[in-house]
Structure formats: structure tokens, C-alpha cells
Amino acid sequence: MAQLSSSVSSAPAAAEVLRERYTHRLPASLGELTGPSRGVVELPLHVAWSGLRAYDLDRPRQRMSLYRTVLAEGQREDLTALLDRDLLTEQWPVLRTLVSRHIRQVWEERFPQLTARTRTTSAA
């Protein structure tokens, strides 16, 4: 029984696993986010396997929902192809409250300009 405890304690915490998963998906820069900024976007099945798959970027709620889904479920290629740098930056002050803590932390650590935008928006 002691061996079971020692092997469990050497396993990485769930939070570490999640942070690593999301960190590996990040683009090298926000400039790589070259997705559409208007129109209807249909998510691939590996990103949205149930529920709504087509989102109208001209409708703020749908756009926010698409970004939330892609940030949580998308791979690096999905992030760069489906997200737009300017839309992400513009939405981040609200979007950061809709995603998991792990997603928020890895994005803000890699891209401090997102937190600068958040501070500017909350100060206004």
C-alpha cells in the first residue's frame, strides 16, 4: 500500500497536466492568429463534436462562444486558422472570465499584452 501512495505522489497534478496541454497548443506569437474576422465559421468536428458548429462572427455572442470553444478544444493549427489576433485582443477582457483558469494563465503568461488590454479596459 505504501508503494501505491508513493507512485501516486510522483504523478503530476491535474493542474500541471492541463497547463502543459494548453501551453503546447499556443502559437509563438499573436501575429500567427490569422483567422477570419467576419462571416460564418464552421468548426471542425474534432473541435466541436456536439452542439453548435457554425458561428457568425458578426454576432458578438456567437463570436465569444466560438473563441471560448476554440481556446478550450483547438489544437495549435486550429488556433492559428480560426482565431483573429485583433478579435482575440478586443474580446480578451470578457473572454478571460469565460475560459478555465489554466487557459487564462497560459495565454496571459505567454502574451502579456492581453493582460495590458485587460487592465486598460477595467480602468476605463
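Of the 124 residues in the protein chain, 35% are buried, a term that denotes under 20% relative accessible area with a 1.4 Å probe and protein chains only. The model is predicted, and local features therefore require pLDDT of at least 70 and side-chain atom pairs pLDDT 80 or more, whereas totals for chains, interfaces and linings use all residues. Residues are numbered from 1 along each chain as its sequence is written, and side-chain values rest on heavy atoms, with hydrogens and water left out.

The protein chain comprises 7 helices and 2 strands, assigned as DSSP runs (H or I of at least four residues for helices, E of at least two for strands) and numbered from the N terminus; their order from that end is α-α-β-β-α-α-α-α-α. Among contacts (heavy atoms within 4.5 Å) between residues at least 6 apart in sequence, 63% join residues at least 24 apart.

When residues up to four places away in sequence are not counted, the partners touched by Leu-71 include Tyr-22, Leu-88, Trp-92, Ile-103 and Trp-107.

Within helix H5 (residues 85-95), the buried positions are Leu-87, Leu-88, Gln-91, Trp-92, Pro-93 and Leu-95. At the start of H5, the backbone nitrogen of Asp-86 lies within 3.1 Å of a side-chain oxygen of Asp-84.

Definitions and conventions
Buried means under 20% relative accessible area, exposed over 50%, partly exposed in between (1.4 Å probe, protein chains only). A polar contact is a pair of N or O atoms within 3.5 Å; within protein, one must be able to donate a hydrogen and the other to accept it, and residues adjacent in sequence count only if both atoms are side-chain atoms.
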